[in-house]
Amino acid sequence: MTEVGRHRVVRPEDFAALRPDDLEARLLGKPATMARRDVSRGAEVSLLSARKFWHALGFPNVEDDDAMFTEADQMALMAVARLVREQELDETTALAMTRAFARTTDRLAVWQTQLMAEALAAPGLEAALDEADARAVPDLAAAEAAARKLTDMADELEPLLIYAWRRHLTAAISRMLADADPEQSDQGVRRVVGFADLVNFTSLVRRMTERQLAVMVQRFEALATDIVTAHGGRVIKTVGDEILFVTIGAAPAAAVALDLVETMAEDDLLPDVRVGMAVGPVLSRLGDVFGTTVNRASRLTSVAPAGGVLVDDALATSLAALSGFETTALRRRTLRGIGQVTPSELRRATGGRKSPDTRDRKASS
């Protein structure tokens, strides 16, 4: 027997083949042999609490007597119960924390399996990107290879996950402390909110294969995330052809928006983007942001020209005091659900990063 990681003991020969039953044993420690009654009894919690925990993790209902659980499930339930019993958290907060972990790691796991399947896809599959029937779903060989590789790498990836979480937790706590202004607590924190939207995405969907579309969206998300984080901003979420980001100041927001427009204009794989931004109070919940400021930025994006950046009047006023940027007020218009707004078009000041014929070069390429 060879010990691998903190949670499991496996035989060397187990790595030779990966059967479906191996997944739980190798990733969770042991096969699923426990029923929910066993787990709740071992954790010294009620069946109702065990069900709540399972639902918070994002998994469907199972019968109380079905052997669907492992010792890892029991250990996790015991950890949550201990937090409640020691009065560090009430049950509602403990379940909300569990739900936050579950939603984040679910997306992470799906993302990583897709990345690994694409990385291990046979050359023939990659060559099929231009075929009408090319799919985003990997073939069986690629799926099995990805499953085996990820299972083998799980213990090496786990410390990276913990490291990233602690790093982001440190940054989140620092922002929370910086935002802890009693005078602003009822209004939400003040942020610049921006949306970047791929132009003509709907028509591209009709022309591209699923695999081509997946490659394009993945590239857009990677480039956009790099640009936002390079200027100290945060990517709140991406939804296919759109990315939502926030920054604390006006200058980094303007730099993000212009870099997004210019970088996508230079990329032959991606269409142009348009960006809309607004500044004001936002409410932060469940890792997302809400409020009128967010809605205003979204509406500005919908009316921005391809390759252009529109900002609301408050952000234009803030940018007027900064060097390196220019804004031009446009006609006053009514935005759905927002009312009348005077948007301004944002550009780099003369002598900025780009030459004026960049977009013409892309159009002729």
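This is a predicted model: local features need pLDDT of at least 70, side-chain atom pairs count only at pLDDT 80 or more; totals for chains, interfaces and linings use all residues.
Reader: How many residues, helices and strands does the protein chain have?

Author: The protein chain has 365 residues, with 13 helices and 12 strands. Of these residues, 35% count as buried.

Reader: What is the confidence in the protein chain, and where is it lowest and highest?

Author: The mean pLDDT is 82, and 84% of the residues reach 70 or more. Confidence is lowest in helix α13 (residues 358–364), at a mean of 36, and highest in strand β8 (residues 309–311), at 96. Over residues 1–16 the pLDDT is below 50, and the model gives this stretch 29 contacts beyond near neighbours in sequence. Residues 354–365 also stay under 50. For that stretch the model has 15 contacts beyond four places in sequence.

Reader: Why is Arg 36 called buried?

Author: The cut-off for buried is under 20% relative accessible area. Arg 36 has 3%, so Arg 36 is buried. Arg 36 is placed in helix α2 (residues 36–43).

Reader: Which residues does Arg 36 touch, leaving aside those up to four places away in sequence?

Author: Arg 36 touches Leu 47, Ala 50, Arg 51, Trp 54, Val 62, Glu 63, Asp 64, Asp 66 and Phe 69. Two of these, Ala 50 and Trp 54, are buried residues of helix α3 (residues 47–56).

Reader: How do you know that the buried residues of α3 line one face of the helix?

Author: The buried residues in α3 are Ala 50, Phe 53, Trp 54 and Ala 56. Seen down the axis of α3, they fall within an arc of 160°, so they line one face. In general, an α-helix has 3.6 residues a turn, so residues three or four places apart point the same way.

Reader: What do the buried residues of α3 pack against, and what follows the helix?

Author: They pack against α2, α4 (71–85) and α5 (91–119). The helix is followed by Gly 58, whose phi is positive, near 90°.

Reader: What makes Glu 91 and Lys 52 a salt bridge?

Author: The rule asks for a side-chain nitrogen of Lys or Arg within 4 Å of a carboxyl oxygen of Asp or Glu. The closest N and O atoms of Glu 91 and Lys 52 are 3.4 Å apart, so the pair meets the rule. Glu 91 lies in helix α5 and Lys 52 in helix α3, so the pair ties together parts that are 39 residues apart in sequence. By this rule the count comes to 12 salt bridges.

Reader: What makes Asp 179 and Arg 191 a salt bridge, and is each partner buried or partly exposed?

Author: The closest N and O atoms of this pair are 2.6 Å apart, so the distance is within 4 Å. Asp 179 lies in helix α7 and Arg 191 in strand β3 (residues 189–198), so the pair ties together parts that are 12 residues apart in sequence. Asp 179, at 26%, counts as partly exposed. Arg 191, at 9%, is under 20% and therefore buried.

Reader: How do you know that Arg 219 and Asp 267 link distant parts of the chain?

Author: The two form a salt bridge, the closest N and O atoms being 2.6 Å apart. Arg 219 is in helix α9 (residues 210–230) and Asp 267 in the loop between α10 (250–266) and β6 (273–285), 48 residues apart. Arg 219 counts as partly exposed, at 36%, whereas Asp 267 counts as buried, at 8%.

Reader: Which residues are linked in a network of salt bridges?

Author: Asp 259, Glu 262 and Arg 348 are linked in this way.

Reader: What makes the nonpolar surface patch, and which helix gives the most to it?

Author: Phe 101, Leu 161, Ile 162, Trp 165, Leu 169, Ile 173, Met 176 and Leu 177 make a patch of about 760 Å². Helix α7 (residues 140–179) gives the most, with 7 residues.

Technical notes
Residues are numbered from 1 along each chain as its sequence is written. Side-chain values use heavy atoms; hydrogens and water are left out. pLDDT is the predictor's confidence in each residue, from 0 to 100. Helices (H or I, at least four residues) and strands (E, at least two) are DSSP runs, numbered from the N terminus. Contact means heavy atoms within 4.5 Å. Buried means under 20% relative accessible area, exposed over 50%, partly exposed in between (1.4 Å probe, protein chains only). The arc is that of the directions from the helix axis to the C-beta atoms. Patches are made of residues with over 30% relative accessible area and no salt bridge: like charges are joined within 9 Å, nonpolar side chains (Val, Leu, Ile, Met, Phe, Trp, Tyr) within 5 Å. Accessible areas come from the Shrake-Rupley method with a 1.4 Å probe; for residues, only the protein chains shown count as cover.
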